[in-house]
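Q: Hello! I am new to this structure and would like to learn how to read it step by step. Could we look at it together?

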Amino acid sequence: MMAGIKALVALSFSGALGLTFLLLGCALEHFGVYWPMFVLFFYILSPIPNLIARRHADDTESSNACRELAYFLTSGIVVSAYGLPIVLARKSVIQWGACGLVMAGNSVIFLTILGFFLIFGGGDDFSWEQW
């Protein structure tokens, strides 16, 4: 039980760190544009295909069409989250420094989401479903 609490605290800290990078990319005085906050939609959307696939997929097969589609959709969402700040920076809507901070925040947040599913996503006696 104590290992689960430590993992939850570590994931919370890394999520807060990723959101701090995102907010710094928006709120620093010489950046001052909040368009990069739209990547929050990608953070919310990214785990949804995997949650649906885990609910409807049959775990007996090594490869499942539902699970593969969920991986494909999730990778599209993640690539879009990295692409949005690059497009905004190329069109001079945001500065390249803000783009770098948003990309760092993306990396930390998506690693946090991945860590959550790796730690709490197993089907054993200790899973995220008990929270």
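Predicted model: local features only at pLDDT ≥ 70, side-chain atom pairs only at ≥ 80, totals over all residues.

Q: How many helices and strands does the protein chain have?

A: Helices (H or I, at least four residues) and strands (E, at least two) are DSSP runs, numbered from the N terminus. The protein chain here has 5 helices and 0 strands, and the order from the N terminus is α-α-α-α-α. Of its 131 residues, 35% count as buried.

Q: Which residues of H1 are buried?

A: They are Gly4, Ala7, Leu11, Ser14, Gly15, Gly18, Leu22, Gly25 and Cys26. These buried residues pack against helix H2 (39-45) and helix H5 (96-120); contact here means heavy atoms within 4.5 Å.

Q: How do I read the length of H1?

A: The expected span of a helix is 1.5 Å times one less than its number of residues. Helix H1 covers residues 2-27, which is 26 residues, and reaches 37 Å from its first C-alpha to its last, close to the 38 Å expected.

Q: At what angle do H3 and H4 pack?

A: Axes are lines fitted to C-alpha atoms, for helices over the stretch in contact, and angles run from 0 to 180 degrees between N-to-C directions. Helix H3 (residues 48-56) and helix H4 (residues 65-90) pack at about 175°, with axes 8 Å apart. H3 is therefore roughly antiparallel to H4. As for the cut-offs, angles under 35 degrees count as roughly parallel, over 145 as roughly antiparallel, 65 to 115 as roughly perpendicular, and the rest as oblique.

Q: Which residues make that contact?

A: From H3 come Pro49, Asn50, Ala53 and His56, and from H4 come Cys66, Arg67, Ala70, Tyr71, Leu73, Thr74 and Ile77. This contact of H3 with H4 has 7 nonpolar, 3 polar and 1 charged residues. In this scheme Ala, Val, Leu, Ile, Met, Phe, Trp, Tyr, Cys and Pro count as nonpolar, Asp, Glu, Lys and Arg as charged, and the others, Gly among them, as polar.

Q: Ile77 is in that list. Is Ile77 buried or exposed?

A: Ile77, in helix H4, counts as buried because its relative accessibility is 16%. Leaving aside neighbours within four places in sequence, Ile77 is in contact with Phe42, Leu45, Ser46 and Pro49.

Q: How do H4 and H5 run relative to each other?

A: Their axes come within 9 Å and cross at roughly 175°, so H4 and H5 are roughly antiparallel to each other. On the H4 side the contact includes Ala81, Tyr82 and Pro85, and on the H5 side it includes Val102 and Asn106. The residues of this contact divide into 11 nonpolar, 2 polar and 1 charged.

Q: What does Asn106 touch?

A: Not counting residues up to four places away in sequence, Asn106 touches Val39, Tyr43, Ala81, Tyr82 and Pro85. Asn106 lies in helix H5 and is buried, with a relative accessible area of 0%.

Q: And what is Val102 in contact with?

A: With the neighbours within four places set aside, Val102 is in contact with Leu22, Pro36, Val39 and Pro85. Val102 is in helix H5 and is buried at a relative accessible area of 0%.

Q: Where is Ser92?

A: Ser92 is in the loop between H4 and H5. Its phi is near 60°, a positive value in a residue other than glycine. Ser92 is exposed, with a relative accessible area of 62%.

Q: Where does UniProt place the "transmembrane region" feature?

A: UniProt positions are given in the numbering used here, feature names are shortened, and annotations may be inferred rather than shown by experiment. The unreviewed UniProt entry places this feature at residues 37-57, 69-88 and 94-120. In the model, residues 69-88 are 100% helix and 0% strand, with end C-alpha atoms 28 Å apart. Residues 94-120 are 93% helix and 0% strand, with end C-alpha atoms 36 Å apart.

Key: Residues numbered from 1 in each chain as written. Heavy atoms only, no water. Buried < 20%, exposed > 50% of the residue type's maximum accessible area, 1.4 Å probe, protein only.
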